[in-house]
Amino acid sequence: MPSVPRFPGSDSQIPDVHVGPIDLAARVDEALAVQALAFGLSEGEIGVRRQIVLRHLLVPGARAYGAVTARGRLAGFVYGMPNDRSHWWSTVVEPYLRADGCDGWLDDSFVITELHVHPAYQGRGIGRTLITTITDVARQPRSILSAIDTESPARGLYRTLGYQDLARQVLFPSAAKPYAVMGAPLPLRRR
């Protein structure tokens with residue numbers, strides 16, 4: 001497995017964590033367990049998302065990276081794909097982006113579909129390493145994503161990487177909270 005240096009903030013009680021490409025289809029249940037803990041998903045939501053993840057992985061150019069502990073457990077994951085205006089996510093966010101004059105961001109962009117870190121590993125730079133690793137190999141000149149529209153550590157991280165709000169108060173069907181759509185030129189900003 002490819003490895004990267006130990007994450008900032010690691011200590012002797014936290015096993016080494018390495019980031020590299022993963023077969024997300026083979027680890028989908030483990031990844032969704034991490035997402036459920038990090039994002040608070042119900043059993044029903046996990047079942048729906050499992051089908052979505054597996055379908056997304058069939059899109060040309062889709063890729064996934066994982067943060068794997070020395071014991072082989074998934075501490076976090078990210079996956080994404082080149083954006084396509086015909087994908088469900090794009091059709092939902094497009095009117096919001098158009099209203100703000102930002103719908104061009106949907107073209108020639110790499111979309112971060114999911115990024116989640118197990119709560120026990122948050123705050124150690126894993127999310128930053130996952131998102132910069134996946135976008136560093138993207139062929140598109142920019143990246144877009146959506147995040148719950150609150151001031152959160154995730155949104156703070158995205159801002160430090162160069163993501164800016166493109167649209168706010170985006171409502172997804174069946175989502176209880178509004179989202180913000182954010183975009184950044186690639187490569188992402190480093191500290």
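**Reading the backbone and the sheet**

Mentor: Let's start at D108, which is located in the loop between α3 (88–99) and β4 (109–117); helices (H or I, at least four residues) and strands (E, at least two) are DSSP runs, numbered from the N terminus. This is a predicted model, in which local features need pLDDT of at least 70, side-chain atom pairs count only at pLDDT 80 or more, and totals for chains, interfaces and linings use all residues. Residues are numbered from 1 along each chain as its sequence is written, and side-chain values use heavy atoms, with hydrogens and water left out.

Trainee: What is the phi of D108 near?

Mentor: Most residues other than glycine have a negative phi, and most peptide bonds are trans. In D108, phi is positive, near 55°. Another case is S174, a non-glycine residue with a phi of about 70°, in the loop between β6 (164–170) and β7.

Trainee: Are D108 and S174 buried or exposed?

Mentor: Buried means under 20% relative accessible area, exposed over 50%, partly exposed in between (1.4 Å probe, protein chains only). D108 is partly exposed at 49%, and S174 is exposed at 81%.

Trainee: Which peptide bond is cis?

Mentor: The one from L186 to P187, with omega near 0°. P187 belongs to the segment after β7 (179–185).

Trainee: How many residues of β7 are buried?

Mentor: Six of its seven, so β7 is mostly covered.

Trainee: And which strands pair with β7?

Mentor: Strands of a sheet pair through backbone hydrogen bonds, either parallel or antiparallel. Two strands count as paired if DSSP finds at least two bridges between them. β5 (residues 142–148) runs antiparallel to β7, joined by seven bridges, and I148 has Y179 as its bridge partner. β6 also pairs with β7 in the antiparallel sense, over four bridges, with D165 partnered by M182.

Trainee: What is the order of the strands in the sheet?

Mentor: The sheet is open, with seven strands in the order β1-β2-β3-β4-β5-β7-β6 and mixed pairing. β1 (17–21) and β6 are at the edges; each has a single partner strand, so one side of each lacks a neighbour in the sheet. On average, neighbouring strands are turned by 20° against each other, direction ignored; axes are lines fitted to C-alpha atoms, for helices over the stretch in contact, and angles run from 0 to 180 degrees between N-to-C directions.

Trainee: Which strands does α3 lie across?

Mentor: β4, β5, β6 and β7, running at about 100° to β6; contact here means heavy atoms within 4.5 Å.
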